[in-house]
Amino acid sequence: CLRPVSTLFSKLFSMTIFNFYLFNRDGCCISYKEWKREKQAGMSKDEEFKLMHGMLISLRSFASKLSTKNGQQQVKSYETSQYKMNYLETPTGLKMVLNTDPGATGIPELMRLIYQVYVDTVVKNPLVDCSAEITSELFQSRLNELVEKHHSF
Amino acid sequence: MSIYQVFVINRAGSLIYDWDGKEDSVGVEKTFSYPLDIVLDVLDQKVTVVFGERDGIFLRYTVCAINGISVQGSQVVINGREWSVMDYLSDEANFPVIVRFMPPTISTNEKIILSSTFHSLFTIAAQLSPIPRSSGIEVLTTTQFKLHCFQSTSGVKFVVVGVAGMSGAVEGLLRRIYELYADYALKNPFYSMDMPIRCQRFDDAIKNLIEKHDKHNMVTV
């Protein structure tokens, strides 16, 4: 019965990475991965991806309408009492979401690294269709490795 | 000013109070020759810059005057004739022309839309949580602002939007706004629940509170 102890530890150090979504510019979820997810959304994965993407789009339009400042407007993250949603959007429309504990550090850098992995293993591979779900095992394993070796994991 | 906006949103997601840090802006004026090197388009009945930032004119700026004559929506009356701004600016005979641009503003209508959007975002964030018993959005960080939200037990949301580098003292400010809401709005016998708050004393109290908060933050920084 090690589980309570480990959750206690993760609460104590408040450093965990829960799950990861990657959306392409058309809004299709091309990669999803979860490590320590304790609650499911209560709907099919397909619906959950749509809900997530819809929320990201609204969040972006909300943020850009609310701000009257000049220059580029980018949503970085939001925090609730239990988790933090970290968001990265590239100029090409690729959207990346990494849900972590609110106390996790170094997450924006980690997301840049994941993007680098995506470019190396998916974009640079001429045999992979960029608009479809990523089936590349290399991508999966390098993503796993990056996240599990991260100090916030 | 470190605080841009304060919103109070009721249980159903409609805006019942808003405070705005007024920033007076005169806009940017520039003389253009034909053809116009900024791409304009009509968005929400306003002629808006959609491409070609230059000389202090940025994206989302709107055309507010042409040759000193103010623009109504996307129409302008010049020499007794009504023009659509887009048509006027695409006619070579009207050049050179002096155009004044204004930075984007948030109208009351847009504030109402933004509050109900936030209300649903708040709920979805709780639903998509990977951890059980999560609250909705408490802090939203973007490159240009930081939004703090406090939801009272009765479901009323208090939202403060401020500069991106806003400190943690906002939590206290939100609690104080809640206190003022309880004192000045709820104890007012003429106030009906879930309706917009129109109360001079509440307005004044909020104004004082935010001024004090700004001053205090100035000292600590």
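Biologist: What makes B:Glu29 and B:Arg100 a salt bridge?

Modeller: Their side chains come to 3.4 Å, N to O. A salt bridge needs a side-chain nitrogen of Lys or Arg within 4 Å of a carboxyl oxygen of Asp or Glu. The pair meets that cut-off, so B:Glu29 and B:Arg100 qualify. B:Glu29 sits in strand 3 (residues 28-32) of chain B and B:Arg100 in strand 10 (residues 97-102) of chain B, 71 residues apart. Helices (H or I, at least four residues) and strands (E, at least two) are DSSP runs, numbered from the N terminus.

Biologist: What are the ground rules?

Modeller: This is a predicted model, so local features need pLDDT of at least 70 and side-chain atom pairs 80 or more, while totals for chains, interfaces and linings use all residues. Residues count from 1 along each chain as its sequence is written, chains are lettered from A and ligands numbered from 1 in the order written, and side-chain values use heavy atoms, without hydrogens or water.

Biologist: Why is B:Arg100 called partly exposed?

Modeller: Buried means under 20% relative accessible area, exposed over 50%, and partly exposed in between (1.4 Å probe, protein chains only). B:Arg100 has 22%, so it is partly exposed. B:Glu29, at 43%, gets that label too.

Biologist: How do you know that B:Asp20 and B:Lys111 form a salt bridge?

Modeller: Their closest N and O atoms are 2.8 Å apart. That is within the limit, so the pair counts. The link spans 91 residues, from B:Asp20 in strand 2 (residues 15-20) of chain B to B:Lys111 in helix 2 of chain B.

Biologist: Is B:Lys111 buried or exposed?

Modeller: Buried, because its relative accessibility is 6%. B:Asp20, at 23%, is partly exposed.

Biologist: What about A:Glu89 and A:Arg60?

Modeller: The closest N and O atoms of A:Glu89 and A:Arg60 are 2.6 Å apart, in a salt bridge. A:Glu89 is in strand 4 (residues 84-89) of chain A and A:Arg60 in helix 2 (residues 45-66) of chain A, so the pair ties together parts 29 residues apart in sequence. A:Glu89 is buried because its accessibility is 14%. A:Arg60, at 33%, is partly exposed.

Biologist: How many salt bridges does the structure hold over all chains?

Modeller: It holds 15. Across the interface of chain B and chain A, the rule finds 0.

Biologist: What makes up that interface, then?

Modeller: Contact means heavy atoms within 4.5 Å. By that test, chain B gives 38 residues and chain A gives 36. The chains bury about 3,500 Å² between them, with 63% from carbon and sulfur atoms. B:Leu128, B:Pro130 and B:Gln144 supply 21% of the area that chain B buries against chain A, more than any other three residues. Buried area is the accessible area (1.4 Å probe) that two parts lose on being put together, summed over both.

Biologist: How do you know that strand 3 of chain A and strand 11 of chain B pair?

Modeller: Two strands pair if DSSP finds at least two bridges between them. Strand 3 (residues 75-79) of chain A and strand 11 of chain B have 4 bridges, so they pair. They run antiparallel, and A:Val75 stands opposite B:Thr142.

Biologist: What does strand 1 of chain B pair with?

Modeller: Strand 1 of chain B has 6 bridges to strand 13 (residues 157-162) of chain B and 5 to strand 2 of chain B. Both pairings are antiparallel. B:Phe7 partners B:Val159 in strand 13 of chain B, and B:Gln5 partners B:Asp20 in strand 2 of chain B. Strands 1 and 2 of chain B form a hairpin with 5 residues between them, and B:Gly13 in the turn has a positive phi of about 95°.

Biologist: Why is strand 1 of chain B called mostly covered?

Modeller: Because 7 of its 7 residues fall in the buried class.

Biologist: Why is B:Thr62 called buried?

Modeller: B:Thr62 has 15% relative accessibility, so it counts as buried. B:Thr62 lies in strand 6 (residues 62-66) of chain B. Beyond its neighbours within four places in sequence, B:Thr62 is in contact with B:Lys46, B:Val47, B:Thr48, B:Arg100, B:Phe101 and B:Met102.
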